[in-house]
Amino acid sequence: MAFFNGLFKHSFNAITGHNVTVGQNLPESTQFDKVTDFLHNNSGYNYFETLVMVHGREYMLRLNIFEDSSFEIILTDVTAKEKTRKLKQEMTGNIAHELRTPVTSIRGFLEILLSNELGAEKTREYLKRAYMQTKTLSELISDMSLLTKIDEDREAAVLEKVNIGEVIEHVKADIGSALAENNITLYS
């Protein structure tokens with residue numbers, strides 16, 4: 001005899017398309033073949049976990065087997081958690097990329113200064129560029145801090161206008177000479 005709560009029934013029905021009711025045994029379903037295999041091929045383990053994906057939703061399925069061979073199945077809709085996890089993973093990759101760019105620029109400017117005898121004007125130009133990249137790094141770190149605060153308190157987010165023209169001019173100033181060396185024209 002199967003016993004289950006309303007939340008399990010709702011998730012099971014969403015996964016299988018069956019309309020199971022209290023008091024009846026759960027109908028066979030291909031989405032639960034791994035569970036059936038685990039129960040029939042008992043390998044001495046009393047715990048099983050898998051992710052079930054159906055209709056664009058993701059459910060964490062956990063199976064616990066007790067000493068008397070009875071068992072419980074716990075279904076949890078983790079769609080939102082998985083989306084958040086994937087978003088954070090993507091964001092981390094983007095942040096790493098965004099941090100690499102100014103660090104690489106600073107390193108390049110400093111290598112030029114250290115390995116070449118430049119005039120005062122050129123030295124000042126490269127120092128200024130390196131300094132601007134440190135400001136970019138500071139802004140990125142500030143943005144990361146803001147993202148953490150927003151994640152903790154979504155109401156704290158403050159929207160503001162951004163002058164795209166200024167952003168493009170900063171990019172042109174940072175990489176303009178490298179673009180010109182490679183015959184690339186940046187239009188704004």
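## Strand pairing

Strands E2 and E3 (residues 71-77) pair in the antiparallel sense over seven bridges; strands are DSSP runs of E with at least two residues, helices are runs of H or I with at least four, and both are numbered from the N terminus. Two strands count as paired if DSSP finds at least two bridges between them. Isoleucine 65 stands opposite phenylalanine 71 in E3. The hairpin of E2 and E3 has five residues between the strands, and serine 69 takes a positive phi near 75° there.

This is a predicted model, in which local features need pLDDT of at least 70 and side-chain atom pairs pLDDT 80 or more, while totals for chains, interfaces and linings use all residues. Residues are numbered from 1 along each chain as its sequence is written, and side-chain values use heavy atoms, without hydrogens and water.

## Nonpolar core

The largest nonpolar core has 14 residues, and Ile15, Phe32, Leu61 and Leu75 have the most contacts inside it. Such a core is a set of buried Ala, Val, Leu, Ile, Met, Phe, Trp, Tyr and Cys residues joined through side-chain atoms within 4.5 Å, where buried means under 20% relative accessible area with a 1.4 Å probe, protein chains only. Helix H1 (6-16), helix H2 (33-40), strand E1 (47-54) and strand E2 (57-65) each give two or more residues to this core. E2 supplies the largest share, four residues.

Beyond its neighbours within four places in sequence, phenylalanine 32 is in contact (heavy atoms within 4.5 Å) with Phe12, Ile15, Thr16, Leu61 and Leu75.

Conventions:
Buried < 20%, exposed > 50% of the residue type's maximum accessible area, 1.4 Å probe, protein only.
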